[in-house]
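Me: Please take a close look at a single part of this model and describe it for me. A plain account with the cut-offs stated will do.

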Amino acid sequence: MKQVFPTIPDIAYEGPDSRNPMAFHYYDPERKIGGKPMKDHFRFSMAYWHSMNGGGVDPFGTVTAIRPWDHITDPMELAKVKMQGIFELTTKLQIPFFCFHDRDIAPDGPTLRDANRNLDEIIAHTKDLMKDYPTRLLWGTARLFFHPRYMNGAATSPDPAVYAYAAGQVKKAIEVTKELGGANYVFWGGREGYETLLNTDMQRELDNLGFFLNMAVDYKKKIGFDGQFLIEPKPMEPTKHQYDADSGAIWGFLQEYGLDKDFKLNIETNHATLAGHTIQHELMYARIKGILGSVDANQGDTLLGWDTDQFPTDLYVTTSMMYEILQNGGLHSGGLNFDAKLRRPSTTVEDLAQAHIVGMDSFARGLMAAQAILDDGELPGFVEERYRGYRSDIGRKIADKQTSFADLEEWAIDRQIDRTDSGRQEYLESLVNRFL
Ligand code: XUL
Ligand code: CO
């Protein structure tokens, strides 16, 4: 088979002293950390939409990227070459998975039937590629935010015709995800929110969204798709407000609509910061509720108020993420999907490979640091000790819920209760820095 990216070599681990930009310096796939090979901790994935499409488009300018398919004009031929491209590039980079939206990989059509026909042809081609390459599908999803029909939302549209079309589109996207052996299926509600409350019936929109997701669960069971359903939080952009704003908002929504056993979360770094949280906050919240499913790995720019989707390079952040993921016992069916794009002036395919390399190396360092922090034990031990009061006496009664306001008042009323222990934040920050 003719290569799509002939200038990109197979990328291997060469160690921290190597100056080769086309090599891993920390990511050593088979090296065991905490008894498990690095590759199994991460289950890295490449995002089709940023790596094969996109190409540097922003609201002020068109494509800047130079790609081997730039001469191809036939949309189906282009789609097939790009699909071969992602299989080839992931294989060269030792990235075991990819992710896609239905309309990223195949041209749309005037009706859903036309779009489905195009999609089926590309899915058949993808199944053939799976025989020649080791790359597998981490998750599929439906693009319910791009076409003008979705300008007022999909499952939260005021127009039932749009709601019905969206249901049909998601049904098909779940089917093809199953057909490709996808490990998960993602719902990102890009326009499931509002631009203004002046025209919005919030209760109806939330109910319609809850019913939509329940129908998706019914259909998943009906066709025997055993992948994990994931919801991806994001508070805003493209709309002013999206209902799936953060881990906490989704946890409440899932419980209200009886969906909490059927969904986990796909948590994205830059979405967390848009919500005014750290990514560690979002991962910890999901972890303690048992719904940490998968991660869209990227990073934002603290000076910019939108989703810049940069490749992750901040070691402090990757360490905090791996600290949560290790305590989650790993990502299970999930993975670390690089939902990240090149900066617009980074135009070459070499840039695309090197962006994934630095992302993988940054997570390798984060993993090593986080495992060392856990092995050392002082940090988790400090947290444990901070709450030691709940192991005995009145604290034990609170922890066991064996007390009342009257009991607690009686216990407290004649005691002089003053400051508690120091939180020692600065010392703990120095402790973490020792492992970076
Ligand atoms: C958008 C975003 C999406 C989802 C999938 O901010 O993150 O690409 O990951 O729809
Ligand atoms: Co994402």
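**A helix residue, a metal site and helix packing**

Reply: Ser362 sits in helix α12, which covers residues 349-376 (helices are DSSP runs of H or I with at least four residues, strands runs of E with at least two, both numbered from the N terminus). The model is predicted, so local features need pLDDT of at least 70 and side-chain atom pairs pLDDT 80 or more, whereas totals for chains, interfaces and linings use all residues. Residues are numbered from 1 along each chain as written, chains are lettered from A and ligands numbered from 1 in written order, and side-chain values use heavy atoms, without hydrogens or water.

With a relative accessible area of 4%, Ser362 is buried (under 20%; over 50% is exposed, in between partly exposed; 1.4 Å probe, protein chains only). Leaving out residues up to four places away in sequence, Ser362 touches Pro312, Thr313, Leu315 and Thr318 (contact: heavy atoms within 4.5 Å).

Thr177, in helix α6 (residues 160-179), is also buried, at a relative accessible area of 0%. With the sequence neighbours again left out, Thr177 touches Leu137, Gly140, Gly182, Asn184, Tyr185 and Phe225.

Next, the metal. Glu232 (OE), Glu268 (OE), Asp296 (OD) and Asp339 (OD) coordinate the cobalt ion (ligand 2) at 1.9 to 2.1 Å (donors: N, O and S within 2.8 Å, or 3.2 Å for Na, K and Ca; sites may look incomplete without water). The 6 donor atoms around the cobalt ion subtend angles of 80 to 172 degrees, so the arrangement is octahedral (six donors, opposite ones over 155 degrees apart, all others between 65 and 115). Along the chain, the donors of the cobalt ion have the spacing E-x35-E-x27-D-x42-D. Glu232 lies in the loop between β8 (228-231) and β9 (241-242) and Glu268 in strand β10 (residues 263-268), so this pair ties together parts 36 residues apart in sequence. Both Glu232 and Glu268 are buried.

Last, the helix packing. Helices α10 (residues 279-288) and α11 (residues 315-327) pack at about 5 degrees, their axes 9 Å apart (axes: lines fitted to C-alpha atoms over the stretch in contact; angles from 0 to 180 degrees between N-to-C directions). The two are therefore roughly parallel (under 35 degrees). Ile279, Gln280, Leu283, Met284 and Arg287 of α10 meet Val317, Ser320, Met321, Tyr323, Glu324 and Gln327 of α11. Helix α8 (residues 247-256) crosses α10 at roughly 25 degrees, with the axes coming within 9 Å, which makes α8 roughly parallel to α10. In that pair, Ser247, Gly248 and Trp251 of α8 meet Glu282, Tyr285 and Ala286 of α10.

Definitions and conventions. Tetrahedral: all angles 85-135°; square planar, octahedral: opposite > 155°, others 65-115°. Parallel < 35°, antiparallel > 145°, perpendicular 65-115°, else oblique.
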